[in-house]
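Please look over the structure below before reading on.

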Amino acid sequence: MAATPQNTERSTVAGGAKRSRSVPSRVLPPIELPASADELAHKAAALLGWNGVVLPVTTLLGRTVSIVAKLRTDVHAERIAMGVGPVADRATVDTWTWPELAATAPAPAAEIIGVLAVARHWRTAMASAVPFARYGEAAMVLPSPAVLTEDYVANCLPRARAYGLAVVSADPHATTDLDLEGRTERILLEEDPVSRWVNEMAYDQLLRGDLVPAESD
C-alpha cells in the first residue's frame, strides 16, 4: 500500500533531523593556576632574583598585580619625623610633581624592584604588566599549559620582548621556570604622578603586617 502524504512528510522531517544532527565537540577544561597568585608571585620573584618584599596581590590602575619592593628606611624615618605617612589620595600625590611643590614634597619611601602579573592567560597578564613596565622591571606569571600553545609562541612572545617583559611559567606542581628573560635595555619613563602614587601604595603595603622577602623562599 502506498504511504499517505502525511506519513511521507513525517518520515522526511525525521530523516532530515537525523542527518543534520552533529557530533558534540570536545570541551577542554579551562587552564587553572596551580597555586594561589600570592604563592606564585613569591616563587617568581625569587626565580627572577628580585630581592625585596613580595607585597600581597592588589589592584592598581585597574590591574591586578603583585609589587616587589623594599622600604627606604632613611626616608621612612624622615617621613615619620615630618608626620607624613603613606598618601593614598591621587589628587594630592599629583601635586608633588608640580615644579612649584616638588622641592617640598616628601621623598618616595619605597624602592620598587619589579611588578608581577599572575594570570591564567597571557593576554590578561600582559594587560596588567605593561603599564608598570614603562617605569621598571615587570613580569608575567603563567601556568605552563598556557605557554605551550601556538598562540603564545606566535603572539605573546614577540609582544613580551617588545615591552621588555619577563615570563615565568608554573607547572602543575607550582614549580616555576623562566620562559623569557626581561629586557633591560629599554627607555623608561621618569618619575611622574602615576609612578609617585604607585610608590605610595607600595609604601602603605610595606608598613602592614609581617611580609616575607622573596629571597627567603
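## Basis of the description

This is a predicted model, in which local features need pLDDT of at least 70 and side-chain atom pairs count only at pLDDT 80 or more, while totals for chains, interfaces and linings use all residues. Residues are numbered from 1 along each chain as its sequence is written, and side-chain values use heavy atoms, with hydrogens and water left out.

## Overall fold

The protein has seven helices and seven strands, where helices (H or I, at least four residues) and strands (E, at least two) are DSSP runs numbered from the N terminus. Along the sequence these elements follow the pattern α-α-β-β-β-α-α-β-α-β-α-β-β-α.

Of the 217 residues in the protein, 39% are buried, a term that stands for under 20% relative accessible area, with exposed meaning over 50% and partly exposed in between (1.4 Å probe, protein chains only). The protein exposes about 12,400 Å², of which carbon and sulfur atoms supply 55%; accessible areas come from the Shrake-Rupley method with a 1.4 Å probe, and for residues only the protein chains shown count as cover. Among contacts (heavy atoms within 4.5 Å) between residues at least 6 apart in sequence, 70% join residues at least 24 apart.

Strand β6, residues 166–170, is mostly covered, since five of its five residues are buried. Both of its faces are covered, with Ala166, Val168 and Ala170 on one side and Val167 and Ser169 on the other.

Strand β5 (residues 138–143) pairs with β6 in the parallel sense over five bridges, pairing being assigned if DSSP finds at least two bridges between two strands. Met140 stands opposite Val167 in β6. Together with helix α6 (residues 150–163), β5 and β6 make a right-handed β-α-β unit; right-handed here means that, with the strands pointing away from the viewer, the path from the first strand over the helix to the second runs clockwise. With strand β7 (residues 176–180), β6 pairs in the antiparallel sense over four bridges, and Thr176 in β7 is the bridge partner of Ala170. These two strands, β6 and β7, form a hairpin with five residues between them, and Ala174 in the turn has a positive phi of about 70°.

## Two buried residues

Ser169 has its place in strand β6 and counts as buried because its relative accessibility is 9%. Leaving aside neighbours within four places in sequence, Ser169 is in contact with Leu142, Ser144, Val147, Thr175, Thr176 and Asp177.

Val87 lies in the loop between α3 (73–82) and α4 (90–95), and Val87 is buried because its relative accessible area is 16%. Not counting residues up to four places away in sequence, Val87 touches Arg79, Thr92, Val93, Trp96, Glu200 and Met201. The C-alpha atoms of Val87 and Trp197, which are 110 residues apart along the chain, are separated by 7.9 Å.

## The largest pocket

The largest pocket is lined by 19 residues, of which Ile112, Tyr135, Gly136, Ser195 and Asn199 lie nearest its centre. The elements that give two or more residues to this lining are β4 (110–118) and α7 (193–206), and β4 supplies the largest share, six residues.

Note on methods. 1 Å grid on protein atoms, 1.4 Å probe; cavity = no way out; pocket = protein on both sides within 12 Å on 5 of 7 lines; lining within 4 Å.
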